[in-house]
Amino acid sequence: METLSENRCFGGLQGVYRHASSSCACDMTFGLFLPEEAADGPVPLLWFLSGLTCTHENAMVKAGAQAWAAQQGIALVFPDTSPRGEGVADDEAYDLGKGAGFYVNATEEPWAPHYRMWDYVADELPELLFETFALDPERQSISGHSMGGHGALTLAMSLPGRFRSVSAFAPICNPVKSDWGKKQLTAYLGEDRAAWEPHDASLLMAETGFDGPMLVDTGTSDQFIDLLRPETLMQAAAARRQQGEFRLQKGYDHSYFFISTFMDSHVDFHAEALWS
């Protein structure tokens, strides 16, 4: 693993690291914030999965999460959103290919050789993190934005017992019925819709739910709200009587101004679960 940068940050350390990924068959980069408590022993870990077009850097720089994480003594990891590099398939559209991995394992060409973001986030990166840094594998939570909110919700509901809490900012809630989903799931997983369903948060909610607390924020002025379909997740959660809070924030859009406004409440929400 290569250290690209390390900066003192709110008493802790914000690092950026690169490693050779066996899952994605290319080099992958991630950001990791460690609070000062990590110098004395393993600390809880909050995952943040970013959205379309993003890298590891967007949330790391724009979300303002480190200040709140430092107060709570928890670490933050910011993975990339897709494989990168020469030989990695891409597309001219912003919502497919590099920056748009959708947190699935692609089975279709030309994506299958590299686009295995589910395995990367669920298995490979956690193994590297817990082997290398002072992190507690028994205390993990997960959050994300947009495509990353989709990833956070589907990972949390598909890996019971892994995460103590889950939250999302403007998640893609029902990709099997949204243009932010049908296009990408067809490209990565093929025409069989049965292969898509394990990656739909609303369907997973109806089928299995989540074994812990959940927090979801979406702005009422989100320019993509018809693609996000938040009502489908809310309806499935209500029918299941899922423990959680689903908030429509008046006047907020899809930007990092929205995320940074509510980041403190999300970090506090996860800290309560991580330290309980």
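The model is predicted, so local features need pLDDT of at least 70 and side-chain atom pairs count only at pLDDT 80 or more, while totals for chains, interfaces and linings use all residues. Residues are numbered from 1 along each chain as its sequence is written, and side-chain values use heavy atoms, with hydrogens and water left out.

Select helix 3, residues 117-132, where helices are DSSP runs of H or I with at least four residues and strands are runs of E with at least two, numbered from the N terminus. Helix 3 bends by about 35° at leucine 125, with proline 126 following within four residues; the bend is the angle between axes fitted to the seven residues ending at a residue and the seven starting there.

Next, colour the buried residues of helix 3, among them Trp118, Leu125 and Pro126, buried meaning under 20% relative accessible area with a 1.4 Å probe, protein chains only. The partners of these buried residues include strand 2 (12-21), strand 6 (135-144) and helix 4 (147-158).

Now select tyrosine 17 and phenylalanine 133, a tilted aromatic pair with 5.2 Å centre to centre and 55° between the planes; rings of Phe, Tyr and Trp (its six-membered ring) pair if their centres lie within 6.5 Å, and planes under 30 degrees apart count as stacked, over 60 as edge-to-face and the rest as tilted. Tyrosine 17 lies in strand 2 and phenylalanine 133 in the loop between helix 3 and strand 6, so the pair ties together parts 116 residues apart in sequence. Both residues are buried.

Finally, show Phe48, Phe78, Phe169, Tyr252, Phe258 and Phe262, which form one aromatic cluster.

Key:
Buried means under 20% relative accessible area, exposed over 50%, partly exposed in between (1.4 Å probe, protein chains only). Contact means heavy atoms within 4.5 Å.
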